[in-house]
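Please keep the sequence and the structure in view while reading.

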Amino acid sequence: MTTAIIANLEKLLDGPRDGALLRYSLGNEWLKAEQWEQAAARFREAVDKDPKYSAAWKLLGKALAEGGRPAEALAAFRQGITVAEGRGDVQAAKEMTVFARRLEKLLQSPDAGPDQT
């Protein structure tokens with residue numbers, strides 16, 4: 001089902017309905033399909049179109065973390081926290097803070113190899 005939704009949403013790209021919400025929706029579908037790179041790319045496009053889209057920052061961080069890119073995920077969460085706090089989106093800021101702390105611990109662990117940065 002997800003692939004059909006992705007196909008339908010991708011038909012809307014670069015059309016009159018294209019925007020941060022469409023890119024976020026596509027990223028979310030790619031996330032459900034566990035296609036981390038595609039998800040991250042669409043979430044990055046969403047925040048490029050709307051840098052104050054805190055939900056897109058949160059899922060960008062999640063996609064990067066799931067895709068084995070914790071340092072990039074941490075940077076996305078930190079930016080997302082700044083955005084969320086600026087918008088008064090307390091819940092999103094709290095969630096991203098928890099995710100960021102987990103990644104900081106992971107990156108500081110002696111077992112963190114070069115592929116985790």
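The largest nonpolar core has 33 residues, of which Tyr 24, Phe 43, Trp 57, Leu 60 and Met 96 touch the most other members. Such a core is a set of buried Ala, Val, Leu, Ile, Met, Phe, Trp, Tyr and Cys residues joined through side-chain atoms within 4.5 Å. At least two residues of this core come from each of H1, H2, helix H3 (36-49), helix H4 (54-66), helix H5 (70-87) and helix H6 (90-108). H5 supplies the largest share, seven residues.

The model is predicted: local features need pLDDT of at least 70 and side-chain atom pairs count only at pLDDT 80 or more, whereas totals for chains, interfaces and linings use all residues. Residues are numbered from 1 along each chain as its sequence is written, and side-chain values use heavy atoms, with hydrogens and water left out.

**Terms**

- Helices (H or I, at least four residues) are DSSP runs numbered from the N terminus, and contact means heavy atoms within 4.5 Å.
- Axes are lines fitted to C-alpha atoms over the stretch in contact, with angles from 0 to 180 degrees between N-to-C directions; angles over 145 degrees count as roughly antiparallel.
- A crossing is left-handed if the near helix is turned anticlockwise from the far one by less than a right angle.
- Ala, Val, Leu, Ile, Met, Phe, Trp, Tyr, Cys and Pro count as nonpolar, Asp, Glu, Lys and Arg as charged, and the others, Gly among them, as polar.

**H1 with H2**

- Helix H1 (residues 2-10) packs against H2 at an angle of about 160°, and their axes are 10 Å apart.
- The two helices, H1 and H2, are therefore roughly antiparallel, and their crossing is left-handed.
- From H1, Thr 2, Ile 5, Ile 6, Leu 9 and Glu 10 meet Leu 22, Ser 25, Leu 26, Glu 29, Trp 30 and Lys 32 of H2.
- The residues of the contact of H1 with H2 comprise six nonpolar, two polar and three charged.

**H2 with H3**

- H2 and H3 pack at about 165°, with their axes 8 Å apart.
- This angle makes H2 roughly antiparallel to H3, and H2 passes H3 in a left-handed crossing.
- Residues of H2 in this contact include Ala 20, Arg 23, Tyr 24 and Leu 26, and those of H3 include Trp 36, Arg 42, Phe 43 and Lys 49.
- Nine nonpolar, three polar and four charged residues make up the contact of H2 with H3.

**H5 with H6**

- The angle between H5 and H6 is about 155°, with their axes 9 Å apart.
- H5 and H6 are therefore roughly antiparallel, and H5 passes H6 in a left-handed crossing.
- Among the residues making the contact are Leu 74, Phe 77 and Ile 81 of H5 and Met 96, Phe 99 and Leu 103 of H6.
- By class, the contact of H5 with H6 has 15 nonpolar, two polar and three charged residues.

**Individual residues**

- Arg 23, in helix H2 (residues 20-32), counts as buried at 8% relative accessibility.
- Buried means under 20% relative accessible area and exposed over 50%, with partly exposed in between (1.4 Å probe, protein chains only).
- Not counting residues up to four places away in sequence, Arg 23 touches Leu 13, Asp 14, Asp 18, Arg 42, Glu 45, Ala 46 and Lys 49.
- With the same exclusion, Tyr 24 touches Phe 43, Ala 46, Tyr 53, Ala 55, Ala 56 and Leu 59.
- Thr 3 lies in helix H1 and is exposed, with a relative accessible area of 64%.

Definitions and conventions: Angles under 35 degrees count as roughly parallel, over 145 as roughly antiparallel, 65 to 115 as roughly perpendicular and the rest as oblique.
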